[in-house]
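Student: I'd like a close look at a single part of this model, please. Could you pick one spot and then show me how it connects to what lies around it?

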Amino acid sequence: MRLGIFGGTFDPIHIGHLVVAQVALEEASLDRVLFVPAGVNPLKVGRSITDGSHRLAMVQRALQDCPQFTVTSWELDRPGPSFTVETVLHVREQYPDAELFLIIGADNLRLLPKWKSVENILEQVTILALNRPGEDLKSSCQMMLALYPHINEQIRIVDMPGLDISSTWLRDRLVKNLSVKHLLPAEVIRYSEENKLYERRDDQ
Ligand code: ATP
Ligand code: MG
């Protein structure tokens, strides 16, 4: 099996994430993409992140009509911050014979050398890197190759049209009561409204 691992905060999940996963699935002939909502992202401490159970519920709703996309709460169920290396090793244990792919947007690829135990991650996965507006994906790939020359075959650029959409921008629109129609799956919009997830709070 060819299995893609797609981590993120998903606060909330949006069409950018879904297009990334779909294009990666097709371009790398994956059998499945596993979405992994992060516990407390070590690089995002400081901002108040929506409770993991809500972020998980939104991912579940977004994926309900996509049989090749699944979600795991593995990082959310563990105490403390999430580290991709631990997730990758866990997936490796669960799927000893799978070929693993790490799906990553250009902004995160730029930061990847700062991640914990990068070498261990690179021993397990092929990186599928996708373009994100405002990022120089090629130079981030070149930086990776300069730092880790042996990964040559193991980093692949997957072409996708730039979608300048982020959860941060969407949260801002939601707080301001602006429409996010077409930008989030309808089920996700409904869930976030029902649970009043992104309404203005005094600490914002
Ligand atoms: P935030 O604004 O809260 O950081 P985000 O939109 O960046 O949210 P994340 O959950 O941080 O979403 O991202 C998860 C993964 O999806 C990362 O690898 C990120 O690079 C990628 N990603 C998110 N949005 C896009 C997009 N529009 N185009 C390409 N990659 C994306
Ligand atoms: Mg982000």
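Tutor: Happy to. A word on names before we start: helices (H or I, at least four residues) and strands (E, at least two) are DSSP runs, numbered from the N terminus. Please also keep in mind that this is a predicted model.

With those names in hand, let's begin at Pro 113, which sits in the loop between helix 5 and helix 6. Is Pro 113 buried, exposed or partly exposed? A residue needs 20 or more other C-beta atoms within 10 Å to be buried, and 12 or fewer to be exposed. Pro 113 has 13 other C-beta atoms within 10 Å, so it is partly exposed. Which residues does Pro 113 touch, once its neighbours within four places in sequence are set aside? They are Val 118 and Leu 147. Tyr 148 is 35 residues from Pro 113 along the sequence, and their C-alpha atoms are 9.5 Å apart in space.

The contact with Leu 147 leads us to helix 7, residues 137-147. Strand 5 and strand 6 (residues 155-158) run parallel and are joined by four bridges. Between them the chain passes through helix 7, and this β-α-β crossover is right-handed. Within the pair of strands, Ala 129 faces Ile 157 of strand 6.

Together with helix 1 (15-27), strand 4 (99-105) and helix 8 (167-175), helix 5 supplies at least two residues each to the shell around ligand 1. Which helix gives the largest share of that shell? Helix 1 does, with three residues. Of the 18 residues around ligand 1, the nearest are Gly 8, Gly 16, Gly 105, Ser 167 and Thr 168. By type, the shell has six nonpolar, nine polar and three charged residues.

Ser 167 comes up again in helix 8, whose buried residues are Ser 167, Leu 170 and Leu 174. They cover an arc of only 60 degrees around the axis, and therefore they share the same side of helix 8. Helix 9 is included in what covers them.

In the loop between strand 1 (2-8) and helix 1 you will find Pro 12, and the peptide bond from Asp 11 to Pro 12 is cis, with omega near 0 degrees. The loop between helix 1 and strand 2 (32-37) holds Ser 29, a residue other than glycine whose phi is positive, near 45 degrees. With 8 C-beta neighbours inside 10 Å, Ser 29 is exposed.

Conventions. Residues are numbered from 1 along each chain as its sequence is written. Chains are lettered from A and ligands numbered from 1 in the order in which they are written. This is a predicted model: local features need pLDDT of at least 70, side-chain atom pairs count only at pLDDT 80 or more; totals for chains, interfaces and linings use all residues. A residue is near a molecule or strand if its C-beta atom, placed from the backbone, lies within 6 Å of it. Ala, Val, Leu, Ile, Met, Phe, Trp, Tyr, Cys and Pro count as nonpolar, Asp, Glu, Lys and Arg as charged, and the others, Gly among them, as polar. Two strands pair if DSSP finds at least two bridges between them. A crossover is right-handed if, with the strands pointing away from the viewer, the path from the first strand over the helix to the second runs clockwise. The arc is that of the directions from the helix axis to the C-beta atoms. Two residues are in contact if their C-beta atoms, placed from the backbone, lie within 7 Å.
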